[in-house]
Structures are given as C-alpha cells and as structure tokens.
Amino acid sequence: MDETRRVLIAADKFKGSLTAVQVAERVTAGLRRVVPELRVEALPVADGGDGTVDAAIAAGFERREVRVAGPLGEEVTAAFALRDGTAVVEMAEASGLQRLPAGVFAPLTASTYGSGELLRAALDAGARTIVFGVGGSATTDGGAGMLAALGARFLDEDGEPVPPGGGGLAALARADLSGLDARLSSVELVLASDVDNPLTGPKGAPAVYGPQKGASPDDVRTLDVALAHFAEVLEAAVGPRAAEYAAAPGAGAAGGIGYGALLLGARFRAGIEVMLDVLGFAPALERADLVITGEGSLDEQTLHGKAPAGVASAARAAGKPVVAVCGRLALEEEALRRAGIDQAYPLTSIEPDVARCIAEAGPILERLATHLAKTHLAKTHLAKTHLVP
C-alpha cells in the first residue's frame, strides 16, 4: 500500500438513482473491498438545491418537520435542518417540482407560500442564521408567495389579495411589506444558489427555467411581464432597491424566489461554498489524503457552481488530489483538470447501458469504487481503460 490512507468522500447525489448518503456508502464499500482497513470520512454535499437538507442532516444537523403549503396549496410535510442556531432551509422541500403530482405542471399558479412558512418555522425554532437553499422549484412567482407567508400583502385594484403564482402578479396594484416578520431584521439570511440569473429578460427566470416547469412560450411571456410588473410595484413600495435587486445575480434563482430573498436582506453566495462552510468541509479536508467527489452527470453545468466543482476547487487550493465518480461523463480530460479533478470514473465505463446504470446505480458504483481503490490507493496502478468487474 502507499501512504494515501485517509479518504474523504464529498459527493452530491446521483439524481434519480442515489442520494448523496447512498453514494458515500457505496463508494466506501467498494474502497474497503480493496483496502479493508482504509479510514474513510463521508461528508455528503449539496449545492443548495434538492438534497441540501439531507446533506446537513448527514453532517449532524437535527431534522425538523413542519406542515406547510405545497406549490398548489395542498398541505405537505417539509423538513429543515437545525444545529447551534443555524438552520438549513431548502425551498424545494415545500415548493419543489417533486411536490407536484406526476406529469402535472402549474407554471402560472404554483406558489412559494410554503417556502415562507418553512422560513417562519426556522425563526420559531430560534435560528439566528438561515441558509436558504433554492433550486428545483415548481414555481415562478418571484418569491411573492414566500413574502406573503412572512407578512407581506399583495393587493389588486379592489384591495383583495392577488391570486397565487406568477400569473396572478399581473393583477397586482399595491404591495405592502410593512407587516413582514420583525425577526427577519435580526437574522443572517444567506441565499444559497448555483445560478446567477436576473429576475426577468432573456436570461431571467421565466425565459431560462420556465419551460422546465411546463411553461409554454406564451406562459413565458406572461410570466416575464408579470414579474417585471411585480418589481415595478415593489419599487413604488420600498424604493429603488427593488429594481436593483431585480437585476442582481441570483434574483432569478428558483423561479425568482431569489428576488424575494434579496428583498428580505439575504446575502447571495454560491450554494456549494455556503454548504461546504456549514458542513465543516475545511477540517475534514485537512484530514484527507485523497478526496472523492461526484454527481450523476459530470458535464458543462458541473463547472458552473455545482458541488463537484466547488469541492475540487477547495481541495486543489489545499493541495489535495481529487477524483470523481459519476453516472455519465461529458467532460474532456482537459476540462476536468482545469476544474481540479485528476480523473473521473463514470458508471458507463462499466455498464454502457444508461438505463441499467440508473436502475442499478448502487452495485455498479460499488464495483467502480474497487477500481478506483486499486488505481489510487494500491501499488498496482491499472490502465485507465481496464475496469475491474
């Protein structure tokens, strides 16, 4: 054996196949087939999107559950994580696409009200810092529902509340934020996201992400106009900062909920950077000789704020070697090296059938980890093209 005996597994989920916790478990099992006495530390990671609360819980946070409104108004059980006055809140828990019935989309009417209820629950639990992870949303309402749950009022010409969802904002005549929960002013709110889109326009929330939520071209135009109108009405209510926030990086995150969070005074940070801080990545990295990261698909999106890129960047800065596991690899070696990843191991290198890789991701990943161990943790260095069955 060589001297590399301490391994840190800091991988994200394989979406649709394995949670980040399961990825770590399978990789650990595969490594220990080759090196039974290997010291492995697992730190499942997330970039602010779905899986963020689970990653926090795996790192020792307490799971808290609360009943909140789902994106269509139905009641759902959502979780957040809490430790030492820091709460990790994931908007997808309340307002995510996974909360919609299979095959059902509601681009004009889905609301973030339940996300606001989750934030309120974190305040009730005594949180002094709230990491608000956004991504995977079913909504495009600019965070109006969230703000309403926290005490804001959005009224039409008749003084009645506007309908839920981004489409309803077209009827907005007056916004009143004076009733916002007073506790928000004394809490550090961090907007954790891997996207930096503005609220509206060609790169805004409706245009870029609306189609993923079932929005037709007409719906996209309707939502873009409605959100622009939302920002104008808010500017009349709270001043120029409303317009500044609409153009700010992160405002368009998760259907514009980033905009609502900025209005609450949130500080925007790359999701993976926030989560690495919250999860205690730095001391774990210091203990490691080799870092294993990964996610379901290593592709161009990975390089723009996704978890493996954040892990690799931090590890490279600390002088630690990094390899990655993934379901599918769509990056050239040069791109991987620039990202700080020495080598990547896709499931498809063992099982070319993608459908089977998805269905049997766990056992295949475990087999893949045995090859990784023989390559990086044992004296025998196998050729890259030779995989161990």
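1. Let me start with the pocket: 37 residues line the largest one, and Lys-15, Asp-50, Asp-194, Gln-301 and Lys-306 lie nearest its centre. A pocket here is an open set of points on a 1 Å grid over the protein atoms alone, with protein on both sides within 12 Å along at least five of seven lines, and lining residues have an atom within 4 Å of a point. About 1,100 Å³ of space lies in this pocket, counted as the space filled by probe spheres set on the points.

2. A word on the basis: this is a predicted model, in which local features need pLDDT of at least 70 and side-chain atom pairs pLDDT 80 or more, while totals for chains, interfaces and linings use all residues. Residues are numbered from 1 along each chain as its sequence is written, and side-chain values use heavy atoms, without hydrogens and water.

3. Back to the lining, which has twelve nonpolar, 14 polar and eleven charged residues; Gly counts as polar and Cys as nonpolar. Helix 9 (253–263), strand 11, strand 12 and helix 14 (354–359) each supply at least two lining residues. Helices (H or I, at least four residues) and strands (E, at least two) are DSSP runs.

4. Strand 11 (residues 290–298) and strand 12 (residues 322–329) share seven bridges, with Glu-295 partnered by Cys-326.

5. Angles run from 0 to 180 degrees between N-to-C directions of axes fitted to C-alpha atoms.

6. The other sheet to look at is open and mixed, with six strands in the order 3-4-5-6-9-10. Strand 9 (residues 188–193) pairs with strand 10 in the parallel sense over four bridges, and Ser-193 has Ala-270 as its bridge partner. Helix 9 packs on this sheet, touching strand 6 (129–133), strand 9 and strand 10; contact means heavy atoms within 4.5 Å.

7. Do have a look at helix 10 (residues 271–279): seven of its nine residues are buried, so it is largely enclosed by the rest of the structure. Buried means under 20% relative accessible area with a 1.4 Å probe, protein chains only. Helix 10 runs at about 90° to strand 10, and just after the helix Gly-280 takes a positive phi of about 80°.

Terms used
Pairing = 2+ DSSP bridges. Buried < 20%, exposed > 50% of the residue type's maximum accessible area, 1.4 Å probe, protein only. 1 Å grid on protein atoms, 1.4 Å probe; cavity = no way out; pocket = protein on both sides within 12 Å on 5 of 7 lines; lining within 4 Å.
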